[in-house]
Structure formats: C-alpha cells, structure tokens
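Colleague: I'm new to this one and would like a close look at a single part of it. Could you walk me through it slowly, and then show me what surrounds it?

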Amino acid sequence: AEEAGAVEPNAMVLSTVDQTGHPDARVVLARDISGNGITFYTNRESTKGLQIANDNRASATFTWLQLHRSVRVRGVVSIAADDVSDAYFASRPRASQIGAWASPQSQALGTRHDLTDRVEEMEERFAGQDVPRPPYWGGYVLSLETVEFWQGRPSRLHDRFRYTLNGSVWRAERLAP
C-alpha cells in the first residue's frame with residue numbers, strides 16, 4: 001500500500017468493546033508491524049485505553065480502497081514495553097508531545113479554547129527542556145491470531161484468504177467471497 005502511494009497506508013480501524021459488549025471503532029495509526037503484532041500508541045486513559053484494560057480482545061482493519069485490498073486482524077492487545085514507548089514518544093514532533101500532555105483524550109471539553117489553554121500551560125511547563133512521555137501514554141501491541149487478506153475482483157468474486165495461528169503454526173484457507 002505504501003509503495004502504491006495509498007493515502008495513510010498505516011491507518012487502521014481499531015475495534016474494541018465497551019463494558020456492555022457494544023463494539024467501538026476508531027482510526028489509529030499502526031507504527032510497527034512485526035511477528036509480535038501491530039503496535040500503536042495512545043492515551044491509556046482514553047476510551048480505547050479503558051476498553052482494552054477491561055477486555056483486551058480487539059480487531060483491526062486496514063483498507064486501501066484505491067487498491068481494492070484490505071487486511072483484517074484479530075487478537076489480544078498487550079501493553080508495549082516502556083522503553084519502546086519512550087523511544088517512540090521521543091521521536092514524535094514536539095507539538096505532538098505537548099499535545100499528549102495537554103489533551104485529556106476522550107473527555108468532554110467546554111470549548112476549543114480550553115484545549116489551547118492547556119497546550120499553552122504545557123508549553124510553559126516544558127519550556128527549554130525535552131518533553132518526557134506522560135505516564136498515562138504509551139504503546140499497545142495487537143497480536144496476530146487471525147489475519148484475513150481480501151482483494152477485490154470483477155463480479156464480486158473476490159479473493160479472500162484467512163490465516164489462523166494454532167500454537168506456532170499458521171493454517172491457511174481460502175474463503176468464499
């Protein structure tokens with residue numbers, strides 16, 4: 001997708017469930033994909049962070065409409081190591097680092113001005129120094145338990161392949177479109 005010039009090729013829809021079992025989905029950016037899973041970063045006190053803490057089962061979908069392709073993943077979410085979160089946070093632009101401190105993600109705000117005031121406060125707080133990673137912000141890794149690849153084809157006779165991890169062995173099967 002990246003080589004083909006897809007817009008935001010690492011954007012994925014992450015789905016979790018709330019305490020009542022209702023699904024919840026939002027777009028996040030995958031920052032690493034490895035044999036361990038897909039790594040993304042967020043405020044752990046956000047809605048998604050609280051949902052993951054309550055039930056760590058999740059799914060993600062990458063969709064590249066202009067390529068007629070998508071990938072779906074299901075697995076469990078674990079917290080990334082602190083050193084991994086620290087390194088990624090340090091690589092972010094300073095404005096994004098300040099934003100992580102300033103934004104009470106998923107909480108109601110009175111006005112946009114309330115947020116810009118918080119940004120100004122954090123800029124003053126960290127003036128002249130590196131911005132440390134907030135204790136409530138960090139990475140998560142979505143494990144790869146089931147991975148499905150979809151490629152669009154004419155007449156809706158799409159190609160679908162599902163890979164399911166069984167122990168250390170992947171089982172592959174073709175699915176009907």
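Predicted model: local features only at pLDDT ≥ 70, side-chain atom pairs only at ≥ 80, totals over all residues.

Is Ser46 buried or exposed?

Modeller: Ser46 is buried, because its relative accessible area is 0%. To find Ser46, look in the loop between β4 (37-43) and α1 (47-54). Leaving out residues up to four places away in sequence, Ser46 touches Gln105 and Ser106.

Let's follow that second partner. Ser106 sits in the loop between α3 and α4. With a relative accessible area of 49%, Ser106 is partly exposed, whereas Ser46 is buried. The backbone of Ser106 deserves a look too: its phi is near 75 degrees, a positive value in a residue that isn't glycine. As a rule, most residues other than glycine have a negative phi. There is another case of this at Ser155, where phi is positive at about 60 degrees although the residue is not a glycine. Ser155 belongs to the loop between β8 (146-151) and β9 (159-166), and it counts as exposed because its relative accessibility is 67%.

Back to the neighbourhood of Ser46. Gln105, which Ser46 touches, is also in contact with Asn43. Asn43 is in strand β4 and is buried, with a relative accessible area of 4%. Setting aside neighbours within four places in sequence, the contacts of Asn43 also include Gly49, Ser103, Tyr136 and Trp137.

Helix α3 covers residues 94-102 and helix α4 covers residues 112-125. They pack at an angle of about 115 degrees, and their axes are 9 Å apart. Their crossing is right-handed. On the α3 side, the residues that meet α4 are Ile98, Trp101 and Ala102. On the α4 side, Leu115, Arg118, Val119, Met122, Glu123 and Arg125 take part. Sorted by class, this contact has six nonpolar residues, three charged ones and no polar ones.

Helix α3 has several buried residues: Gln97, Ile98, Ala100, Trp101 and Ala102.

In soluble globular proteins, nonpolar side chains tend to be buried together. Here the largest nonpolar core has 19 residues, and those with the most contacts inside it are Met12, Ile38, Phe40, Phe62, Val73 and Val77. The strands β1 (11-17), β4, β5 (57-64), β6 (69-79) and β7 each supply at least two of its residues. β5 gives the most, with four residues. Phe40 makes a handy landmark here: not counting residues up to four places away in sequence, it touches Met12, Leu14, Val28, Leu29, Ile52, Val77, Gly138, Gly139 and Tyr140. Apart from this core lies another one, of twelve residues, with Tyr88, Ala100, Met122 and Trp137 among them.

Finally, step back to the whole protein. It has four helices and ten strands, and from the N terminus on the elements run β-β-β-β-α-β-β-α-α-α-β-β-β-β. The C-alpha trace spans about 55 × 35 × 30 Å along its principal axes. Of its 177 residues, 36% count as buried, and Ser46, where you began, is buried too. Among contacts between residues at least 6 apart in sequence, 57% join residues at least 24 apart. The protein exposes about 10,900 Å², and carbon and sulfur atoms supply 50% of that.

Note on methods. Residues numbered from 1 in each chain as written. Heavy atoms only, no water. Axes fitted to C-alpha atoms, helices over the stretch in contact; angles between N-to-C directions. Left-handed = near helix turned anticlockwise from the far one by under 90°. Contact = heavy atoms within 4.5 Å. Nonpolar A, V, L, I, M, F, W, Y, C, P; charged D, E, K, R; others polar. Buried < 20%, exposed > 50% of the residue type's maximum accessible area, 1.4 Å probe, protein only. Core = buried A, V, L, I, M, F, W, Y, C linked by side-chain atoms within 4.5 Å. Areas by Shrake-Rupley, 256 points an atom, 1.4 Å probe, with all protein chains shown as cover.
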